[in-house]
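Look at the structure below and follow its strands and its aromatic rings in turn.

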Amino acid sequence: MDLIIVNGRVLSMDAAMPRAEAVAISGNEIRTIGTSKEVRSLATFSTRPIDAGGATVLPGLNEGHMHLFGGSVELDQLSLLGVDGFEAMRAKVLNHAASKPGSSLLIAMSANYTIIGEHEPITRHHLDRILRDRPMLVYAPDHHTAWANTVALEKGGILRGGKVGVGNEIVMGADGLATGELREMEAIEPVLALSGGGMRHRLGLTTGGDPVPPATTAEREADKRTLRGGLAHLARHGITSFQNMDGNPYTLSLLAEIEAEGGLTARARIPFHFKNFMPLEALETASDLARRYDGDMLRSGFVKLFVDGVIDSSTAVLIDSYADQPGHNCDPLFTPEHFARVAVEADRRNLQIAVHAIGDGAVRSVLDGYAAAGKTNGLRDMRHRIEHIELVHPSDIPRFKALGVVASMQPPHAPGMAGLPHEPTLSRIGEARLPYAYAWQTLRESGARMVFGTDWPVSPIDPMLSIECAVTRPLWHARLPQQRQTLADTLRSYTHDSAYVEHREHRKGMLRPGMLADVTVLSGDIEACDPHAIHELSAAVTVCDGRVVHEG
């Protein structure tokens, strides 16, 4: 026996033996679970013992939706998460600027839409009052909106506007100049391009159809160091598997090299990112990646698409108008007909599909596309996914179970959770639609399978914070249905069900003899913890593929 974990409160996620005290690991597989006495009896002189000290022991946590390249890069960037008010923002930015005297573009992350004030949107003029002579770009937490100061807009060539694709916008003022607000990536990229280093975090979002920025040997090694830093960050948080939501051949090749070097500390699943300008034939690259990368540590096999944007910037696609913008419901990045063609072809190739769809109009379009795929190819156990589902029409709720579609949702994203404000989100949705906003429990009770994640770096990667958000979510007003999750359901969404959506529930997501040896030992007993203090827990030990990849 190589490793034993004893004196724990084991939550196995295995209905045949849901609770135990100890786990024994041989090689990269679970050998047995049982009492501490039983497991200790299997130890030899070479066995490494870990005493859990009465803390919770779980199957390795599986982050269901994240962005490795972007998150890894942003570990070294300024975060404005939780900062409130102009003066507080100004102080943080100036302190950061002083530490980056040679930077061609200062980048700050996670500024709430209401950081200046609930009724005062950020403009270039606010940013000019902080930095007038150095280009500056500030991202919203959702990464779908950013704000630039005047010099950045000038150098990016978009102060007087510019041409962008559907769903993207350079917001213009009455004076004929850009206000500084940039919605979606085609609008943001001219400013982001001012920093070559700043563009590196976009590498995961390039597709097989996009040219990957030229990578010298030094740049390639730098990109691998960046990814290793992100992987270490995941290990520190108890994450043994992650499902990336952007990707391309370059990302996969780097991770394959890291795996060959023994440095892959979590099981990675990387998609092929399909964009609306690409021909259906581009899906052959996705099929090729599925064939080439199908191991226990590194896999592809699915396609990721964006159908809309986000509610806060009014780029999410709604069935009816935004409550605060009569007549506006936004155009989709893929028309329903276009998406259906992509869905049918990807499904025909046995490629799983994951689609960013936040508005109820986008969610309906994706469900329609999945229905078309089932009608054309036969309804099979594909476990296609919809990501975010921040608003769903009540008539579409039963379709998740009927079509076998997995709801992939992020507990820290609900307004009022994890430092996010209620506005402008709730006003844009409108009171009549609030019962179907972030409808976690409503979807679960309808029979939908649900997987949880954080969308890191949109939200902090910490699964303990995400779990706390799921089990403590308050009502926005008393007339709304309760969407709070039970702890048991939440843990299942982070373990067994997250393995299920990968078609890997027979290999991981449970602590059962013969399963892969992925284990997360927490710093305390999560079941005995005050729900509002779950974020104080951490990963004491992380075991992936039978190796201890974090301890502390």
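**A sheet and its rings**

Val 355 stands opposite Ile 386 in E21. Helix H12 (residues 360-377) packs on the sheet and touches E20 and E21 (contact means heavy atoms within 4.5 Å). This is a predicted model, in which local features need pLDDT of at least 70 and side-chain atom pairs count only at pLDDT 80 or more, while totals for chains, interfaces and linings use all residues. Residues are numbered from 1 along each chain as its sequence is written, and side-chain values use heavy atoms, with hydrogens and water left out.

Strand E20 (residues 352-357) and strand E21 (residues 385-388) run parallel and are joined by four bridges; strands (E, at least two residues) and helices (H or I, at least four) are DSSP runs, numbered from the N terminus. The open sheet has six strands in the order E17-E19-E20-E21-E22-E23, with parallel pairing; two strands pair if DSSP finds at least two bridges between them.

Turn now to the rings. The whole structure holds five aromatic pairs; rings of Phe, Tyr and Trp (its six-membered ring) pair if their centres lie within 6.5 Å, with planes under 30 degrees apart counted as stacked, over 60 as edge-to-face and the rest as tilted. One of them joins Tyr 113 and Trp 147, edge-to-face, at 5.5 Å centre to centre and 80 degrees between the planes.

Note on methods. Axes are lines fitted to C-alpha atoms, for helices over the stretch in contact, and angles run from 0 to 180 degrees between N-to-C directions.
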